[in-house]
Amino acid sequence: MTFHWRISTLFSIIISSILLWMIPLSSVNATHYKIGTGIGDMTGPISEITLFGYGDLFQTGQGLLQRIYARAYLIHDPKSHKRVVFVNTDTQSIGDIVKSRVVERLQSIYGNDSYTVQNVMLSSTHTHSSMGGYLQYTLFEIAVKGWIEETTQPMIDGIVRAIVQAHESLESGHVTLNSDELLDTNINRSPKAYLLNPYQERAQYQHDVDKTMTLLGFHTDHKDIGFANWFAVHGVSVNSSNRLINGDNKGYAAYSAEHQLNGQEQLAGKGPFVAGFFQSNEGDVSPNTLGAYCTGTEIPCDGSFDTKCPGSSRCFGRGPGWEISDYESNRIIGQNQADMAIKLFKKATHKLNGPVDFRQKYWDITKEKIKKLDGSIGTPCRAAMGYAFAAGTTDNPAIDGIYQNMTHGTMFWDLLKNIVKRPSKHQVECQAPKAVILDTGEMTFPYEWQPHILDIQLFRIGNFYIAAVPAEFTTMSGRRLRKSIKEKLIELKIGNEETTVVLSGPANGYASYVTTYEEYQMQRFEGGGTAYGPYTLTAYIQAFEDLVISMATGTSIDDTSEILPDLTGKAFNFNPGAWPDRPRIAKKFGDITRDVKATQRDREIVTLHGKSGTTVSASFVAGNPRHDVKLEETYLTVEKKLSSGDWKVVRTDHDYDTRFRWKYSNRLLGQSEATIEWDIGRDTPAGVYRLGYFGHHKEFISRKIIPHYGYSSEFTVEGHLNEEDYYCCCNSDENHSCYSTSSMFRYMHPFMKYHH
């Protein structure tokens, strides 16, 4: 009897397991996780520090369009007591040392067990319009003149603040999953290289870029607290002529979504709902959806010698709002993402179910054994950058006379290259057909130029997996990695056909680009930037398979993990410190130098408060903004007068319809000026307003940092006018001058009579 019972029970368990495996995930009751979200201001110095992304040493900050934030998402499994936290930052990438310092700070707060380098994931939106100085390798430090603690410390502060907020707000809840196709928001900027991928592989996909947005919604038992989504599009809507710090299209998308879901009364960046727009395999993906043209012409181009532009014209991509400004293109691409994300969030019904798990290791990519096409066993190359990388992209061309698709050098640049470091014979052969212009992997002065130890990571939340990569994967390379991970998950019985795998990056560090082997042969910009040679993707695929195996078998991967170096003790910083400040003669800090003034735009722009054809501005005696980055504060306010006589802040420096500009009026004397601008939307409530400025200055003798502020004069805004309405200035006689206001918003200072 006992024997037969045991056989029967064993048979029942086997049958039940098989049936459970066959049940679609969506029909299983959702796991109640502990979840939390958080947001932290991480805006560093907005003046004098080089913006990171375009590699232009002269693109230094001169103010602020929008603040940059860290947005954190924490999921805790009450059954296993495992937790993961993934963070999105409005930065070009994330420094590996930044992650280490964030974990150290968290462990000083919560002990050594809650948060480690294994269960903390830091990803980036890849904006090219935020300050640099947080990557510890020479190549990236040269681009911004050093390792800059002024940038790094606010980043760490903001990230930790976001995670702590998520930790302290943990509540019981569930996580939803949804996805859909988003069109008119991204294109492939290297389509000819994409076409080198096998036809059978390309035939599996409708588009030459990923059009799918994948979104997780976070819902406690009482309220909605946020979402995180992944969509591939480069953070280059705002071009290299820009000097104002901002989060590019994904930063705008987060701002717009949070504005809508937190309500208009909530100040920007302060609401309880947190909207994260994570980056994915955007390596060859551009937001300049109208294509690339030679400037000043209608001649299409692709940045190669074959489509060389005439004369001094250069090959630039055009965003959807290019005729107005790159800020307008940025708004459109960002708004497209915001609208889709809100739609996915509101319509999501599928709830995640299952365990939380994670795997991470520091991986030396140059030691990974790979099988080459000829059957031989080798390893990826030491890092090197190609001529095609120096050419730049159609989003931003770089060095004149160098073109994408170059597989050979030039006499002039080869001479300079060899003076710096002549590549070894092995390096030339390993990197072929790349023409090496910087042999970074064989250069060690003053220290390593590019990383070879990389942080790779895999998160699991039920049947949803996040693969964090420290590089920019092209469309097809990202597809191959996701497919490989999913197939391995299915093979090892921790995934099925409904499993979703997303790629998140650049995350936990920065290691340039990753193309497919086929794309690499053309040596477009992305191939020139694939630092470890043609088999880079093969190495990544194998490394992530190891993470999947470790997760499926429940074994540790620590014994294969390398030690991350910390080079910051050797780092250089050629950025001069912020000088002491002096006010103008007969002025004090915060005084107005030019009172509120209105200007009319030739063409209206769109704001979250209706169309705007009018901008008001005022300028003030200022100090250098580097003296205080004003985390969780603001350099400017737009304030509305209440009936009580008090003032209510209705805009801050994170609002997209405001701008904070700063410049020296006399650098030698340390005199500077701040200008505040506000685009008045048609739907702005009528009333009396003023502009406020808030800054700090450094005393010339004592070197003390002292706050100051100032306000503009009051001015009146009246509501939207009908088509037949007219704005009249300045008297009521028959010869008064009037003009139609059908294409502009009324601005009056002082109050002027209105005639109808």
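The legends below describe close-up views of a predicted model.

In this predicted model, local features need pLDDT of at least 70 and side-chain atom pairs count only at pLDDT 80 or more, while totals for chains, interfaces and linings use all residues. Residues are numbered from 1 along each chain as its sequence is written, and side-chain values use heavy atoms, with hydrogens and water left out.

**View A. Packing of helix H2 (residues 96-110) against helix H4 (residues 149-168).** The two helices pack at an angle of about 45°, with their axes 10 Å apart. H2 is therefore oblique to H4 (under 35 degrees is roughly parallel, over 145 roughly antiparallel, 65 to 115 roughly perpendicular, and the rest oblique). Axes are lines fitted to C-alpha atoms, for helices over the stretch in contact, and angles run from 0 to 180 degrees between N-to-C directions. The crossing of H2 over H4 is right-handed (the near helix is turned clockwise from the far one by less than a right angle). Contact (heavy atoms within 4.5 Å) involves residues of H2 including Val-98, Arg-101, Val-102 and Arg-105, and residues of H4 including Met-155, Ile-156, Ile-159 and Ile-163. By class, the contact of H2 with H4 has eleven nonpolar, three polar and five charged residues (Ala, Val, Leu, Ile, Met, Phe, Trp, Tyr, Cys and Pro are nonpolar, Asp, Glu, Lys and Arg charged, and the others, Gly among them, polar). Helices (H or I, at least four residues) and strands (E, at least two) are DSSP runs, numbered from the N terminus.

View B. Asn-178 is buried, with a relative accessible area of 18% (buried is under 20%, exposed over 50%, partly exposed in between, with a 1.4 Å probe and protein chains only). The Asn-178 side chain reaches the backbone oxygen of Leu-344 at 3.0 Å. Leaving out residues up to four places away in sequence, Asn-178 touches Met-213, Thr-214, Leu-215, Leu-344, Lys-347 and Ala-348.

**View C. Asn-197 in the loop between helix H5 (191-194) and helix H6 (199-202).** Asn-197 is buried, at a relative accessible area of 2%. Its side chain makes a polar contact of 3.4 Å with that of Arg-480 (a pair of N or O atoms within 3.5 Å; within protein, one must be able to donate a hydrogen and the other to accept it, and residues adjacent in sequence count only if both atoms are side-chain atoms). Beyond neighbours within four places in sequence, residues in contact with Asn-197 include Met-476, Thr-516 and Glu-518.

**View D. Arg-482 in helix H12 (residues 475-491).** The side chains of Arg-482 and Asn-281 are joined by a polar contact of 3.4 Å.
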